[in-house]
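Subject: Structure for your review

Dear colleague,

Please find below the structure that I am handing over to you. My notes on it follow.

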Amino acid sequence: MPALAREAWTFDAIGTTWSVEARDGFTEAARADVAAAIDGFDRAWSRFRGDSTVAALASGGDAPAPPDAEAMLSLYARLDDATDGAVNPLVGEALARLGYDAAYTLAPSSPRSAPRRWRELLTWHAGRLRLHEPATIDVGALGKGRLVDRVLEVLARHGVTDVVVDASGDMAVRGRTERVGLEHPYRPGAAIGIVEVTDAALCASAVTRRAWGDGLHHVLDARSGTPVRAYAATWAIAPTAMVADALATALFFDGGPALAADVGVEWVRMRTDGAVEWSPGSKAELFT
């Protein structure tokens with residue numbers, strides 16, 4: 001059967017390349033609303049721009065809570081519990097200390113752990129987001145997935161329901177089935193397997209992405225402020241991209257598989273020694 005025709009739309013946003021493909025294409029109004037949604041999310045949560053809510057709160061204080069605060073920070077609390085504190089939304093300063101700062105200096109200094117008591121320091125109640133002392137919020141563990149979900153919602157309002165949204169590793173599929181390669185973290189262009197995604201999201205994370213210096217990358221253990229070493233790449237499939245993205249992060253740590261089982265997420269992960277592990281219900285076709 002020939003592949004169905006679709007319109008492809010590619011653009012750059014939040015520091016990565018997006019590819020959105022839809023059977024029926026996109027109106028100009030849909031494109032404009034997607035751009036506005038992405039810009040609004042970036043203005044709220046980016047630690048790389050000086051006019052964001054996150055930047056305004058870095059010295060402490062409060063601000064109107066962005067629309068995604070409750071969903072994202074509540075999920076962070078579950079990640080924190082499951083990983084014994086390894087995943088933490090106040091890890092921004094720890095990333096900056098290793099050189100992954102707002103200016104992308106990539107000049108590391110001594111590691112710093114993130115505040116373990118982040119749920120006392122960062123609160124979200126009655127429409128206000130408050131930091132009770134200076135800290136830098138970083139929602140990288142699940143934020144891009146959340147934004148993929150937001151883009152899907154915008155497109156659905158415009159009647160675009162047969163669509164694939166791919167934000168460079170975090171993708172969601174609606175109205176069709178996609179066969180997706182699980183990219184080998186150490187051999188770009190090669191795959192360790194293939195998985196089919198139908199009306200769901202597949203999110204991936206790898207220590208070879210956003211990597212710099214001597215063994216430095218963006219996946220940190222918040223308890224030590226140092227990059228993880230045991231796992232090289234993770235993949236998670238969930239109904240929403242936010243949950244898939246969150247679990248792809250959690251799977252770098254011991255509590256990840258238990259949380260995935262609790263929320264019904266299928267997964268694959270690869271250790272840095274090349275061994276591959278997967279969930280009991282995983283339907284991925286693995287080559288290794």
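In what follows, Ala, Val, Leu, Ile, Met, Phe, Trp, Tyr, Cys and Pro count as nonpolar, Asp, Glu, Lys and Arg as charged, and the others, Gly among them, as polar. The model is a predicted one, in which local features need pLDDT of at least 70 and side-chain atom pairs count only at pLDDT 80 or more, while totals for chains, interfaces and linings use all residues. Residues are numbered from 1 along each chain as its sequence is written, and side-chain values use heavy atoms, with hydrogens and water left out.

A cavity is a set of points on a 1 Å grid over the protein atoms alone where a 1.4 Å probe fits but cannot get out; a pocket is an open set with protein on both sides within 12 Å along at least five of seven lines; lining residues have an atom within 4 Å of a point. Grid points are joined across faces, edges and corners, and a volume is the space filled by probe spheres set on the points.

The count comes to 1 cavity of 30 Å³ or more. The largest cavity holds about 70 Å³ of space, and its lining has 9 nonpolar, 1 polar and 2 charged residues. Among the lining residues are Leu-182, Trp-235, Glu-266, Trp-267 and Lys-283.

The second largest pocket holds about 160 Å³. Of the 14 residues lining this pocket, Asp-221, Arg-223, Phe-252, Phe-253 and Asp-254 are the closest to its centre. Its lining divides into 7 nonpolar, 2 polar and 5 charged residues.

Overall fold

The protein has 8 helices and 18 strands (DSSP runs numbered from the N terminus: helices are H or I of at least four residues, strands E of at least two). Its C-alpha atoms fill a box of roughly 60 × 45 × 35 Å along the principal axes.

A three-stranded sheet

An open, antiparallel sheet of 3 strands has the order β3-β5-β4 (two strands pair if DSSP finds at least two bridges between them). β3 (61–64) and β4 (122–125) stand at the edges with a single partner strand each, so one side of each is left without a neighbour in the sheet. β4 pairs with β5 (residues 128–131) over 4 bridges in the antiparallel sense, and Trp-124 stands opposite Leu-129 in β5.

Yours sincerely
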